[in-house]
Amino acid sequence: MVNASIETHEFDVVIIGAGGAGLRAAIESIDSGAKTAIVCKSLLGKAHTVMAEGGIAAALRNVWKEDSWQVHFRDTMRGGKMLNNWRMAQLHAQEAPDRVNELEEWGALFDRTKDGLILQRDFGGHKYARLAHVGDRTGLELIRTLQQKAVTTGAEVFMEVKIVELLHDENGAVSGALGFYRNNGSFVLFKAKSFILAAGGIGKSWKFTSNSWESTGDGHALALWAGADLIDMEFVQFHPTGMVWPLSVKGLLVTEGVRGDGGILKNSEGKRFMFEYIPQMFAAETADSEAEGDRWYEDKANNRRPPELLPRDEVARSINAEVKAGRGSPHGGVFLDIASRRSPEYIRRRLPSMYHQFKELADVDITVTPMEVGPTCHYAMGGVRVDPDTAKATVEGLYAAGEVAGGMHGSNRLGGNSLSDLVVFGRRAGLAAAQSALEKGSSKLSESLVEDALNRALKPLNNPEGENPYTIQHDLQETMQALVGIIRTESELVEAVEKLEEFKERVKGVGAKGGVKFNASWHTALDLNSMLTVSEACAKAALMRKESRGGHTRDDYPKADPEFGKTNHVVRLQGNDITVTPEPLPVMPDELASLFEGAAQPTGITESKEVK
Amino acid sequence: MADLVVRLWRGDENGGEFIEFKIPAQEGEVVLDVVHRIQATLAPDLAVRWNCKAGKCGSCSAEINGRPRLMCMTRVNQLPEGEPIVITPLKTFPIIRDLVTDVSFNFEMLKKVPGFKPKPREADGTYRMYTEDVERGQEFRKCIECFLCQDVCHVIRDHEENKEHYAGPRLFVRYADLEMNPLDTNDRRQLLVEKMGLGYCNITKCCTEVCPEHIHITDNAIIPLKERVVDDRYDPIAWLGKKIFRKSKKVETDAK
Amino acid sequence: MILRYGIKLVTVTKSNPENVGTKVSLGGVRGGPDVKTLRKDIWWLPQVASGIGLALFVIYATWTAFRNGNYYDGAHGRDYLSPFYSPCLASNCTYKTASVLGTWWKLSPALPILIFPAGFRATCYYYRKAYYKSYWLSPPACGVAEPHKTYSGETKLPLILNNIHRYFWYFAVVFAIILTWDAVAAFRFGNSVGMGLGTLVFIVNAALIWLYTLSCHACRHLCGGHVDQFSKAKIRHWFWKKVSVLNPHHMLFAWLSLVWIGVTDFYVYLVASGTIHDPRFF
């Protein structure tokens with residue numbers, strides 16, 4: 001035994017994650033008078049939020065006076081195939097405009113309307129042009145604005161710290177988090193009265209993903225291990241348009257803004273195929289001819305929107321079907337064409353970073369040539385089950401906001417709703433966590449808990465001859481891509497669950513060569529724990545949902561089932577086992593339910609013949 | 001395809017050396033892909049920072065063949081064929097290990113910036129700004145904080161002691177963003193000259209050359225700031241005009 | 001080899017703040033090999049080229065400034081005045097623009113006026129970059145270590161004087177107007193209007209001087225760059241936008257106007273000295 005001292009910090013509120021939700025929570029928490037720290041796995045300002053391109057959805061009514069929070073709420077619920085937590089969707093739609101205006105007050109420079117107001121753009125699933133944006137780099141603007149505000153407000157930031165476990169006090173409340181500085185491997189313990197998880201997504205468990213190395217589901221796993229419930233883990237959004245070529249950037253996102261600004265999808269026969277895939281639920285508001293679709297860009301009041309702007313799950317599935325039918329592009333995608341539809345100047349002005357991205361990475365000039373695109377793993381709808389008003393998890397002392405929280409988006413998220421989700425629920429989490437922390441007395445953390453957690457974290461380093469973590473990570477990604485991908489089926493899901501058991505064994509024998517200083521293989525070995533946990537949660541929840549809905553498509557159950565439409569799947573850790581329990585969805589009050597009267601219900605996978 | 005030869009700097013504050021790796025070439029790769037393959041197969045503990053791999057987060061900054069670049073935005077086929085690819089950590093900042101450096105200097109400088117302070121909203125509760133008002137600032141806000149400009153700037157690259165009184169190009173872009181913001185009410189010019197070392201810049205334009213976001217750092221941020229400083233303290237006519245005709249903004253003299 | 005830890009928790013408080021949050025490292029050990037540069041391209045070429053170019057011009061300009069002869073051709077019905085001697089302000093001028101200086105000035109009449117264009121170019125943001133790199137090696141090229149032990153940039157005398165660039169710009173506008181007048185005057189052939197090859201040389205000279213003067217960074221600032229909210233200053237925004245189109249080409253205009261002013265002077269010298277005959281178009 002070596003006696004070592006561990007750097008320990010005490011705060012009222014500790015926020016894990018420094019993306020949009022974490023930063024917004026920090027600002028609110030500090031404003032509420034709580035001593036607040038932000039802990040993030042990368043450098044400040046590098047979080048995945050920077051990747052958001054299209055915009056932030058809010059019924060500001062700058063472009064369309066007809067818009068309102070009710071319409072936004074309705075769009076969100078329909079996009080989520082009615083599986084959303086209604087209260088979250090309501091709060092989100094109601095508060096998003098204030099959160100956007102507040103960003104402007106903190107220095108964000110959004111694109112403007114002719115009247116000098118914040119400009120809003122069209123996006124899939126949103127009835128009106130609703131996305132406040134800055135070209136196609138809205139996420140960067142959001143994170144920079146919040147980062148600068150948080151730093152000015154006085155947040156303490158612990159950069160490049162990976163949290164390995166949350167720890168409970170004697171009353172079972174989360175009151176500690178053990179982590180280590182990635183740059184020197186020294187451990188650090190945070191004691192706090194409230195912890196906010198704002199750790200983002202889980203996309204790194206799939207092979208083709210728009211997510212960065214960080215999206216290993218740490219937040220989801222930390223919550224589950226700490227005894228919190230997760231919900232809706234089967235719903236993973238595959239963004240319809242990721243790059244498919246060159247291989248090294250396969251999965252990299254192509255913003256929906258391309259379609260919002262006039263881009264169309266074509267198959268190898270040059271056919272604009274989306275007209276074949278309009279589901280009944282959206283038939284009333286979708287153009288049924290190319291001519292009408294094209295007119296819509298100019299005259300939105302008198303025409304219906306083109307089917308390229310259907311919700312993401314519908315478009316992703318349609319692309320998948322085209323490729324499967326042998327009508328794909330040379331590299332296994334379809335063509336996204338804006339070159340033949342808009343002038344080069346327009347494209348460069350509206351989509352500068354897309355132009356840049358294709359030019360530099362694929363050597364393709366998108367003002368001349370169509371892009372090749374295909375579905376890519378993008379977003380986890382599922383996450384920590386929270387109380388809508390306070391973002392509180394089912395364990396005392398724990399809160400969650402942003403992608404790591406579940407319920408807000410139901411079975412499918414609309415584009416633009418993630419950035420607004422971050423700031424709406426980031427603020428609510430910060431407020432509630434701070435208030436609760438300021439009321440609470442201090443608690444005691446057992447040193448033996450810390451010691452156990454620490455020794456678990458060091459295990460890979462003590463086993464330098466163990467299996468290479470990159471190999472396990474690679475195999476896990478292959479497995480999830482192949483068996484729990486965009487189209488799922490019973491036998492494959494069963495196989496996935498079995499394989500994940502094998503991975504658990506392999507991870508026990510994982511080893512990391514080298515020392516504690518910025519050792520990427522050690523970090524990867526530890527990330528594997530979270531990746532495996534979320535993969536298992538996803539596969540098991542997917543196996544139980546015998547229907548197709550939103551981000552969960554079953555080949556063997558292609559229809560939406562109204563019974564499943566009333567059910568959330570709750571994932572819990574019982575002993576060492578991850579279990580899934582169906583529980584009833586909270587019921588919407590009548591005044592909100594009336595917004596949906598007469599509307600078509602979700603039908604599941606759309607077979608073009610059935611719809612027409 | 002032929003093998004690639006990659007010469008990577010490995011080491012920490014106790015010293016280091018070039019290690020040469022031979023790895024099969026693959027089509028369409030960027031330098032970061034090659035580094036990742038080396039990490040996954042030949043050197044698992046290789047330290048390298050990266051996040052988005054799409055030129056949007058600014059994490060994978062390094063020096064490739066002596067030039068500061070993002071590894072994720074440097075295609076292998078842009079580099080001289082048949083020659084070794086030489087990759088070293090950013091030179092201006094202390095090394096942590098291998099390709100990872102301690103860039104906290106930049107974050108500390110960012111902390112010192114007196115923040116955005118907007119004027120009150122208009123009577124209807126909005127802020128009226130037009131495209132022409134925001135366009136100029138939007139260029140500055142494209143910055144992804146990769147700190148390549150800070151790395152290449154000879155003021156601190158070659159003179160460590162200047163870090164105490166020189167903020168660097170990234171910070172000047174940030175100051176320009178604030179100073180030219182139509183809503184902001186602070187005047188940070190005195191601070192820029194006295195504490196942030198704007199006068200140390202001798203306009204070599206190296207920062208502009210390396211900027212992966214193609215921000216015209218020198219022409220659009222630094223020189224306009226220098227000119228604004230001239231208004232403030234080297235130009236009696238402008239100074240007098242300001243006294244007579246315009247209300248001054250709140251003058252910031254000290255860092256936060 | 002890492003062993004099991006026994007734990008002692010040490011709470012970090014504000015009393016030892018160096019342990020709170022991210023720390024700044026000054027003077028840490030840097031990575032990479034201890035060499036001047038790892039660049040593989042011919043990084044010295046642009047600096048050597050512009051260094052030689054500037055040196056050649058300075059040599060030529062010195063010769064011209066002290067030449068004090070053959071700078072005006074009025075003898076062949078032409079009215080060509082070398083830009084190095086315009087406006088000619090001394091009593092000893094071959095062609096007097098205005099005899100402001102009086103009779104006491106005995107040296108070349110080029111010298112008192114050349115201070116202004118020389119000052120304009122010496123404080124120009126582009127030329128500063130060029131001479132700092134080519135002559136002062138500060139730095140020799142981007143990413144190449146500079147040889148100096150210390151560096152204070154433009155914070156001290158004399159380099160802090162570069163901040164008066166805009167005053168030279170005011171004069172530069174006056175000079176541009178005068179050189180434009182000289183170009184117009186080059187159409188004067190005795191009592192009639194005509195045009196020779198020299199006229200063309202003068203027009204190009206005036207045009208390039210205007211392009212260089214208007215693309216200046218100080219000009220861009222004075223025209224509108226100082227405004228924070230363009231929507232409330234529409235005219236200044238218009239000017240700023242126009243200047244912003246020219247400004248990125250400031251280096252190009254700097255070189256072209258520099259070379260051409262030499263060409264113009266040399267042409268006048270050749271014609272005035274009778275070495276060549278200026279062809280007349282009409």
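Mentor: First a term: buried area is the accessible area, with a 1.4 Å probe, that two parts lose on being put together, summed over both. This is a predicted model, where local features need pLDDT of at least 70, side-chain atom pairs count only at pLDDT 80 or more, and totals for chains, interfaces and linings use all residues. Residues are numbered from 1 along each chain as its sequence is written, chains are lettered from A and ligands numbered from 1 in the order written, and side-chain values use heavy atoms, without hydrogens and water.

Trainee: What area is buried between chain C and chain B?
Mentor: About 5,300 Å², with 51% of that from carbon and sulfur atoms. Arg30(C), Tyr151(C) and Asp228(C) supply 15% of what chain C buries against chain B, more than any other three residues.

Trainee: How many salt bridges between chain C and chain B?
Mentor: Nine, counting a side-chain nitrogen of Lys or Arg within 4 Å of a carboxyl oxygen of Asp or Glu. One of them pairs Lys40(C) with Glu83(B), with the closest N and O atoms 3.7 Å apart.

Trainee: Switching topic, how many disulfides over all chains?
Mentor: Two, taking cysteine sulfur atoms within 2.5 Å as a disulfide. Cys206(B) is joined to Cys142(C), S to S 2.0 Å, and Cys88(C) to Cys93(C), S to S 2.1 Å.

Trainee: Is Cys206(B) buried or exposed?
Mentor: Buried, at 1% relative accessibility; the term means under 20% relative accessible area, exposed means over 50%, and partly exposed is in between (1.4 Å probe, protein chains only). Cys142(C) is also buried, at 6%.
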